[in-house]
Amino acid sequence: MDFSELADYFDKIENISSRLEMTVILAELFEKAKKEEIKHIIYLSQGILGPNHIALEAGLGEGLIEQGLAKANGYSKEEIKKSYKELGDLGLVSEKYSKKKKQQALFSEKLSIKKVFENFVKMSNLEGKGSQESKLKMFAELLNSASPKEAKYIARIPLGNLRLGAGDPTLMDSLATNYLSEFIKNKKIVKEIEAELKEKKAGGTRKSEEKRKEEFERKAKARIRVMIETRFNIHSDLGAIAEKLKEKGLKGLNDLQITPGTPIRPTLAERLPTAKEIIEKIGKCVVEAKYDGFRLQVHKKGNEVTIFSRQSENMTDMFPDIIKAVREQIKGNEVIFEGEALAVNEITQEYFPFQVTIQRRRKYDIEKKAIEFPLKLFVFDIMFFNGTNWMEKPFIERRKKLESMITKGPLIEPTKSIFTENPEEIEKFFLENVESGLEGIIAKDPKAEYIAGARKYSWIKLKRSYKGELNDSVDVTIIGYFEGKGKRTQFGIGGVLTAAYDSETDSFKSIAKIGTGMTEEILKELEAKLSKIKEKNKPARVESGIEPDFWVKPEYVIEVRADEITKSPTHLAGNENGQGYALRFPRMIKFREKKPEESTTVKEIIQMFEKQGNVALKDA
Ligand code: AMP
């Protein structure tokens, strides 16, 4: 097919707003396409140069495109820029200037889809010195041979947005349309659909023959669409799917199986507001900690490891530490599994908030940041193991499998989990997780399959309510400390246990374990001060739900900032019926010259908690 014909189709589609009409035109286009070109047409319609996970980008930014338009049409870059400001779309600018070209190229040829597509792929492979000039030259050459309409789309392709208004669902509907006649050759299916229609008819309206036929086709197409989407969910490459359909028709879909290296569309979580409703909905369930980091889909094939994001982008290069750990800790030759990666403070083993973890999503200084903020990967599902599709097996079996496939090691571990049908147990687990810096919990139906690309109450999340940073800092008294691990061994102190003052009982009640915010000087100072007053047994007037390595008598007060105050099953400040209060993500600011009895009181903590308008167990 010539590129000009494709440009005509794109132009028609762009000017239609009815999805139904769009589907008809796209179906016609896909029908016309030859086997060798269908993949290219699909990718171009998606605004990409290959499946998402391969991430080919022509690498022509707006600046270079403007330069190309100026060069090919004989105008200044300033003029092109000005026009872009007016029209807001480089495609339209390209069309406009192609119509009033000041110079005609010496060589001009009829463009085929193959030629245009391959030229952009070639551009994506160019890098290093001189690559910009080569790209510019190739881009201008394409423009030289293009009609105004073609020029519009040639300028839009490198921008990754053809502005057709047709997303993946529309493309899949259009593909489905073309396989209707093959589908209804299957007599069993025809009978099934007709039975469905009869049932409807019995329920009421009599329909004309034409209407009935329409409805029959609609139902049949919907079924084909499900067949296509089911494949797309486990093999996210619509180009490859369309090519298989061209080659073998609907039965070709069976050739597209789960393949390490091609991402599976992720399952999604529903939400419910309380633990009780979760149990009512799915009964006894696996409840896991909800980590707030990156969702990673890991594909291992021998020594080759590929990592995909939630959006199926290839992120392999960003996580050399995880790649190494997968090779060391994951048994099995061919495995696809999922987990959440989170930055963890190596010394205190505290989880970092998302704002820290996000720093690992970068293209430069990868190794440096990997040392600064090491990640842990908490594995929560497995989809494929040594040739077997595990997606269809019940979750409880998948959980056992993933636990057995992980060799103990420093970086990869299964998510923390409990198995329960008791809402109170879920609430306690929820609070423990929120207090340790996590986001909440996800309950999982033990019977459910892995539902790719959709949410169906197989996962239910319960998140803490987001309240933002506490405006005030608090002053807490140190009641104990922990020995240092890792780099902090040299200081003899890794973190401190702190308490709020309860003026009613004149005692110090634990509220937070703090290992963050301390400089080396502060650590040294803490050690010097605390080692002099350390005690083996819990001092009088101290009440704590946590046992430190060493107790200290209440003497030193420190200022602390935290993200918020949460309810806590472990700490004893404000404890009532087994629930106290805790500081979430506490960070030490400095020493305070205060008497311990002058530190923030439990009463004030409760007031601050209420001011947050907070009941921790709430959906976000
Ligand atoms: P949300 O993004 O709030 O809809 O929650 C679902 C997301 O939570 C998933 O996409 C994962 O990235 C993340 N997550 C964190 N911990 C878990 C877990 N234990 N199981 C499943 N997903 C988790």
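Select helices H1 and H2 to begin: at roughly 165 degrees between their axes, they are therefore roughly antiparallel to each other (angles over 145 degrees). Helices here are DSSP runs of H or I of at least four residues, and strands are E runs of at least two, numbered from the N terminus. H1 covers residues 3–14 and H2 residues 19–32, and their axes come within 10 Å. Axes are lines fitted to C-alpha atoms, for helices over the stretch in contact, with angles from 0 to 180 degrees between N-to-C directions.

The model is predicted; local features need pLDDT of at least 70 and side-chain atom pairs pLDDT 80 or more, while totals for chains, interfaces and linings use all residues. Numbering starts from 1 along each chain as its sequence is written, and side-chain values use heavy atoms, without hydrogens and water.

Next, display the contact (heavy atoms within 4.5 Å). From H1, Glu5, Leu6, Tyr9, Phe10, Lys12 and Ile13 meet Met22, Ile25, Leu26, Glu28, Leu29 and Lys32 of H2. These residues comprise eight nonpolar, no polar and four charged.

Move on to the open sheet of five strands, ordered E1-E11-E10-E2-E9 with mixed pairing; two strands pair if DSSP finds at least two bridges between them. Select E1 (270–271) and E9 (417–420) at the edges: each has a single partner strand, so one side of each lacks a neighbour in the sheet. E1 runs parallel to E11 (residues 459–463), joined by two bridges; Arg271 has Lys461 as its bridge partner in E11.

Finally, select H20 (residues 423–435), which lies across E2, E9, E10 and E11 and runs at about 140 degrees to E10.

Definitions and conventions:
Parallel < 35°, antiparallel > 145°, perpendicular 65-115°, else oblique. Nonpolar A, V, L, I, M, F, W, Y, C, P; charged D, E, K, R; others polar.
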